[in-house]
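Let's walk through this structure together, with the model on screen beside the text.

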Amino acid sequence: MATSPPTIATQGYASTDPELAAIDSSVRWPVMACFLTAVHWMVVGTFFLVYASSLSHPQDTFPILGLFVSLSDNFSMFTYGRIWPAAIDALVYGWATTGGLGLAIWILARTSHVPVRSPATLLTAVVFWNLGIAVGLIGIFLGDSNSVEMLEFPSYAAWTLWLAYALFALWAVVTWLSRRPGHDHVAQSWLLVALFSFPWLFGGGSVLLDGKPLAGSGVVQELISAWYVHGLYTLWFAPLGLALLYYLIPKMSGLPIRYGTKTQVAFWTWIIFAPWTAVHDLVGGPFPAETVSTGLILSGLIFLPVALIGMSLVGTAFEAEKKHGSHGGIVFPFLTLSAACFVLAGIAEQILSIRSANELLRFTMFRECNLFLWLYGFFSFGLMGGIYYIVPRLLDFSWRSATLIRAHYYASLYGILLVIAMVGFGGFMQGLALENPDPQVTIDIADQNALNFHIASTLCVSLIALGSGVFALHLGWMLLNWVNIRVRANRLASEILHEPYEPEGPAAAVKKEVGA
Amino acid sequence: MISPLTTRGFFLLIGGIFLFTWFGLVVLPWSYLGHLAPIQEEGSSDITPWDAPGTAHQGEHIYAAEGCVYCHTQQVRPASSGADIIRGWGTAKDDSDDKAPPIVRRTYPRDYIWQGQVFLGNSREGADLSNVAERFTDAASLYRYLYDPYILNPHSSMPAYHFLFIERKISGLPSQDALALIGDDAPPAGYEIVPTDEAKSLVAYLLSLKKNYHLPDEKGPVPATPATPQP
């Protein structure tokens, strides 16, 4: 039997750069905790979304719908008005934000070239963050929601979230502050903007709108709400996702970012103009006309950063796909799609900044198109690609099956792109009826126009749910295998270590007697 | 790090841009709209708009908890912007004068000053509710609609809210609030379906939603008046 001391060989997935490998291993558990819980919330949120979306059909569309409808009729927990916000919040905070925090700390540590000190702090923050989400969702189901878009979590949950976030972000910023000199990366600026905006947005929104509403302020609440929702898209999800793309696209493809010198212009113009997309929710409403007009002009200018970022990222991604063939691999297309969806989301915002288009689409499903473009299209594709890239490096272990990754990819590709197309086009059709100058056209006709698109989007969201289920099971399988192999390797190691001390021959008999 | 900026310069600039957005989007409009007072006509003690009763304010919480705002708006855009007026969502009967033509108008910030929480909404799967009390004038019809929207509108995509009602055995005289239901919805003999407190406050809130008064804002911007202390 072999007696050489056992070495736990690396599987060859960790970074070959010992410095990066050390950084990866320092953030392994916080980032894994973020990703695991994020994927869990993605599955939960998407299933809620399937349920909520199917409630808008006539009862006889699907066989199972009878059950859904009778649940919704008889139990307050299952009514559309509670499930829908729960689904969106589970996706926004549970999936996107938790995963985004994992991305942020990983990219910040790597680009700063310092390992994270005391990762247990981050792990604590992640635990409380998830606790806040769970409590918030329960609060919504029990009727504690205040129906402020994306701030539905009751104030007790919001405070938990804010504190957990503050702990996490503080630690991330500390890591960045102790960065090795000379290690600056464009991704860091995007991450810092994101880490800095979220507490501002979430704190401001929660304090001003959660719990007791502002007395005598009336419509100001809606101004703050619009500022919050669009701030979340443009100053939280957009910078986080862009940081990932700016870091990973060149890294995976080995190509420099195209038009790299324009990055600064894109960065500053984005953070100046993009938050003004908030006024897209105010056009025609009871608000000062000058605020809306100014906002439409400023938000219309986002074509500048969108075009620059699109040319850089989509250009580089396409070039990489061409260079490497077969779409740049299994994981790379996720990033390409994310970059492409960023441009699409920018175009959707651009459409809404045109007053007449906004009037047509203002109250239709097109708003969901906008939400899905940011959340599912741009951010989820990026985050999924990021998870596929990062987890093997953290665990030094490979994904179990390329087929499962492809299955997830195609389910997400068709599910997400089609749902965006369905709610986008459906919104247009619905708008044509809702804003029809003929008084005979009623809202029932608008709903009829929208109905088939609702049914189609339920099917698409089901496909996304299927894909995310595959994703979650694959991640679970990988983790089980990893644990299993670690346990076996440790057992083997201890057996081999003990071997030389195992007495043989007559000495064994003596030992047995003594032992007995 | 982007650009030749120092860390401090970077954060100052980012903070400045955030403050600029916050100021332009929230603080400046807030300074116009935050403390609008009701209008008091000279020689009269009436104020417009008038506050809703307490049960209606309780109903706001039910409206929020059940998420009505995800399908219903409460804002009427001007005729120049969208077809809200054409859909009839801005139409209300003038209560002060029976012979007067109905009031047809958009909503103004002043319409919302008494509401604890404002639900302007961003989606119109359902009708606008700014003047819902003009279309449903009594509690009974609203109860019936909430209990089962399909009775009155077979095309409705609105969910039913059975859980806002209870079925109970009739003891003595039937309750005044009991729903007049027929067909599949009707309770078994000897039983009645009555609204819970939640349903009652929600309906009180919905019945408070009507803009059946004129505002001076219709003639153009109103000069700021010294705000009267509000209760």
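In chain B, residues 226-231 keep a pLDDT under 50, where pLDDT is the predictor's confidence in each residue, from 0 to 100. For this stretch the model has 4 contacts beyond four places in sequence; two residues are in contact if their C-beta atoms, placed from the backbone, lie within 7 Å. Chain B averages a pLDDT of 88, and 93% of its residues score at least 70. The model as a whole scores ipTM 0.92 and pTM 0.92.

A word on conventions: this is a predicted model, in which local features need pLDDT of at least 70 and side-chain atom pairs count only at pLDDT 80 or more, while totals for chains, interfaces and linings use all residues. Residues are numbered from 1 along each chain as its sequence is written, and chains are lettered from A in the order in which they are written.

Now to the place where the chains meet: 66 residues of chain A are in contact with 58 residues of chain B. Elements giving two or more residues to chain A's side include α3 (65-74), α4 (80-112) and α16 (443-498), helices being DSSP runs (H or I, at least four residues) numbered from the N terminus. The most comes from α7(A), with 7 residues.

Finally, look at Ile309(A) in helix α11 (residues 303-324) of chain A. Ile309(A) counts as buried because 25 other C-beta atoms lie within 10 Å, and the cut-off is 20 or more within that 10 Å. Leaving out residues up to four places away in sequence, Ile309(A) touches Leu242(A), Ala266(A) and Phe342(A).

Terms used
A residue is buried if 20 or more other C-beta atoms lie within 10 Å of its own, exposed if 12 or fewer, and partly exposed in between; C-beta atoms are placed from the backbone.
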